[in-house]
Amino acid sequence: MTYEEFWKPLTAIYEAGEAKAIARLVMEVRFGLSITDVVCGKTGDDAEMQALQQRLLTGEPVQYILGEAEFGGRTFHVEPGVLIPRPETYELCQWIMEEGRGVKEEERKTSILDIGTGSGCIACTLAAELPGTQITAWDISDVALRIAAENAKRTNAHISFKKVDILNPQFPILHSQFDIVVSNPPYICNKERATMERNVLEHEPALALFVPDNDPLLFYRAIARYAAKALRPGGTLYFEINPLYVNEMKQMLSEEGFSHTEIRNDQFGKQRFTKSCL
């Protein structure tokens, strides 16, 4: 099977540019072929290429098929059970890193809690980019915690993982424990399903995506309530948010005791992140 024979059928579900990009990624990761190799006509094993193509034609994300995803220049293991890391989420990490890099490593005593860690992409990135920082990461999913722990080993990150349901935390709150709480929790309402891509709906974990239509801030409220007690004075809460509920977010955060909330747009111009201070 030639490279063209591999990518062209994928245009049934992807735009041509994306189909080619997926095909190049498969050639590189699965078969070790560079773009020069591909241009020169080299391909992978024909039977394996056909099998991979059939999986892609079902809408299965290429990251799950290859078992890895790029995030902020690092490669993370992913599989069904965790969300595929998005570039927007790396922008959230960059916001935190901007401020953390202003402190000398020997003076850095920052303690960060990542709630709903999933693949561990946020926690591992912050641990790698902010040496000396103490990172704790929670998730309700055993699968996610296993994958996140594997990614911590991949990135040589020292992270304390714990299984926690933030909606029903079964432990006493330790006051003034963290300097930063960060989260990219489930924030898509069920009514938004109609506008979503098939490969996301059919393959990525609903547990990490959706919230009830009548309570879109379900996880944000619980996290903010916990953070208001667990953060040290002057501590900071960072969220990735649903742009549809920016005003409701600001009001909720104010009600939970956060005095100032700053909004940032993502690379696509959508109001995607919040930073709130006690």
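**Close-up 1. The right-handed crossing of helices α2 and α4.** In this predicted model, helix α2, which covers residues 16-31, packs with helix α4, which covers residues 46-57, and the two axes lie 12 Å apart at an angle of about 135°. That angle makes α2 oblique to α4. From α2, the residues that make the contact are I22, V26, M27, R30 and F31, and from α4 they are E48, M49, L52 and L56.

**Close-up 2. An open sheet of seven strands.** The strands follow one another in the order β5-β4-β3-β6-β9-β11-β10, and their pairing is mixed. In general, the strands of a sheet pair through backbone hydrogen bonds, either in the parallel or in the antiparallel sense. Here β5 (159-163) and β10 stand at the edges, and each has a single partner strand, so one side of each is left without a neighbour in the sheet. From one strand to the next, the twist averages 20°.

**Close-up 3. Helices α7 and α8 on the sheet.** Helix α7, formed by residues 121-129, lies across β3 (111-115), β4 (134-139), β5 and β6 (178-183), and it runs at about 175° to β4. Helix α8, formed by residues 142-154, also packs on the sheet, where it touches β4 and β5, and its direction makes about 175° with that of β5.

**Close-up 4. The hairpin of strands β10 and β11.** Strand β10 (residues 260-265) pairs with strand β11 (residues 271-277) in the antiparallel sense, and the pairing extends over six bridges. Within this pairing, E262 stands opposite K275 in β11. Five residues lie between the two strands of the hairpin, in which G269 takes a positive phi near 85°.

**Close-up 5. The aromatic pair of Y220 and F239.** The count of aromatic pairs in the model comes to five. In the pair shown here, the ring centres of Y220 and F239 are 4.8 Å apart and the ring planes stand at 90°, so the pair is edge-to-face. Because Y220 lies in helix α10 (residues 218-230) and F239 lies in strand β9 (residues 231-240), the pair ties together parts that are 19 residues apart in sequence.

**Close-up 6. Helices α10 and α11, with a right-handed crossing.** The axis of α10 and that of helix α11, which covers residues 246-255, come within 10 Å and cross at roughly 25°. This angle makes α10 roughly parallel to α11. Y220, the residue of α10 whose ring pairs with that of F239, also takes part in this contact, where Y220, R221 and A224 in α10 meet M249, M252 and L253 in α11. The residues of the contact divide into five nonpolar and one charged, with no polar residue.

Terms used. Residues numbered from 1 in each chain as written. Predicted model: local features only at pLDDT ≥ 70, side-chain atom pairs only at ≥ 80, totals over all residues. Heavy atoms only, no water. Axes fitted to C-alpha atoms, helices over the stretch in contact; angles between N-to-C directions. Helix = DSSP H or I, 4+ residues; strand = E, 2+ residues; numbered from the N terminus. Parallel < 35°, antiparallel > 145°, perpendicular 65-115°, else oblique. Left-handed = near helix turned anticlockwise from the far one by under 90°. Contact = heavy atoms within 4.5 Å. Pairing = 2+ DSSP bridges. Phe/Tyr/Trp six-rings, centres within 6.5 Å; stacked < 30°, edge-to-face > 60°. Nonpolar A, V, L, I, M, F, W, Y, C, P; charged D, E, K, R; others polar.
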